[in-house]
Amino acid sequence: GKPRLCSDELTRSQLALQAQFGGRLITPAHFTIRRFRFNDEAECHVFLNELRQVVGKMPAFPLKSFSVVSVYSEFRQARVMKWHIILSQPLQTLTDTIEQLIVRSGGKSLVPSRWISDQITALEGIEDMGFFRDLSRLPVPDPLFNIEQVNLAYYSPEQDFQTLETFPLM
């Protein structure tokens, strides 16, 4: 699941980072809650039906960042720039709920139980900045964005991410 909603301030922040460090924008900016798989289509349909019911009763909430970091991404095979986010109770609740629905529907999470990502990718393919560069003074949007929906996306190396369905939060 990928909640997302880009703000003008977020896009301006990405463009400012790109002007300073190069690379490609990740659009839309999104927060990955879980990577998972199901053994068959029936399990997936059970999950989708439950997700639709449960997520629609959860309130939207802001996602805040406190810094910018530069790391090498094995997944993207490139150096990336990420916003380091503040883990909040609403984020923990949404993550736990989606994880429970995956397991209850017969699916398998591809990350450890109760794991929460603490970063959102802003840019990929940035230049290597050497051993250390202080990024602590770079401004970050506040909030980064509001989580107002959960997007269920499918990934394949040939087509990248394809949104299958969107579930709005309350």
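Figure 1. Pro 143 is located in the loop that runs between strands β8 (119-124) and β9 (145-147). Strands are DSSP runs of E with at least two residues, helices are DSSP runs of H or I with at least four residues, and both are numbered from the N terminus. The peptide bond between Asp 142 and Pro 143 is cis, with omega at about -5°. This view, like the others, shows a predicted model, in which local features need pLDDT of at least 70 and side-chain atom pairs count only at pLDDT 80 or more, while totals for chains, interfaces and linings use all residues. Residues are numbered from 1 along each chain as its sequence is written, and side-chain values use heavy atoms, with hydrogens and water left out.

**Figure 2. The cis peptide bond between Thr 27 and Pro 28.** Omega for this bond is about -10°. Pro 28 belongs to the loop between β2 (24-25) and β3 (36-37). Most peptide bonds are trans.

**Figure 3. Positive phi angles at Gln 77 and Arg 114.** Most residues other than glycine have a negative phi. Gln 77, although not a glycine, has a positive phi of about 55°. This residue sits in the loop between β5 (65-73) and β6 (78-85). Gln 77 is exposed, with a relative accessible area of 52%. Here exposed means over 50% relative accessible area, buried under 20%, and partly exposed in between (1.4 Å probe, protein chains only). Arg 114, also not a glycine, has a positive phi of about 65° and is found in the loop between β7 (108-109) and β8.

**Figure 4. A salt-bridge network of Arg 24, Arg 76 and Glu 124.** A salt bridge is a side-chain nitrogen of Lys or Arg within 4 Å of a carboxyl oxygen of Asp or Glu; the whole structure contains seven. Arg 24 and Glu 124 form one of them, at 3.6 Å from N to O. Arg 24 lies in strand β2 and Glu 124 in strand β8, 100 residues apart. Glu 124 is buried at 16% relative accessibility, whereas Arg 24 is partly exposed at 47%. Arg 76 also meets Glu 124 in a salt bridge, at 3.3 Å from N to O. Arg 76 is in the loop between β5 and β6, 48 residues from Glu 124.

**Figure 5. The salt bridge between Arg 52 and Glu 165.** The distance from N to O is 2.5 Å. This pair links helix α2 (residues 41-55), which holds Arg 52, with strand β11 (residues 160-168), which holds Glu 165. Arg 52 is partly exposed at 37% relative accessibility, and Glu 165 is partly exposed at 25%.
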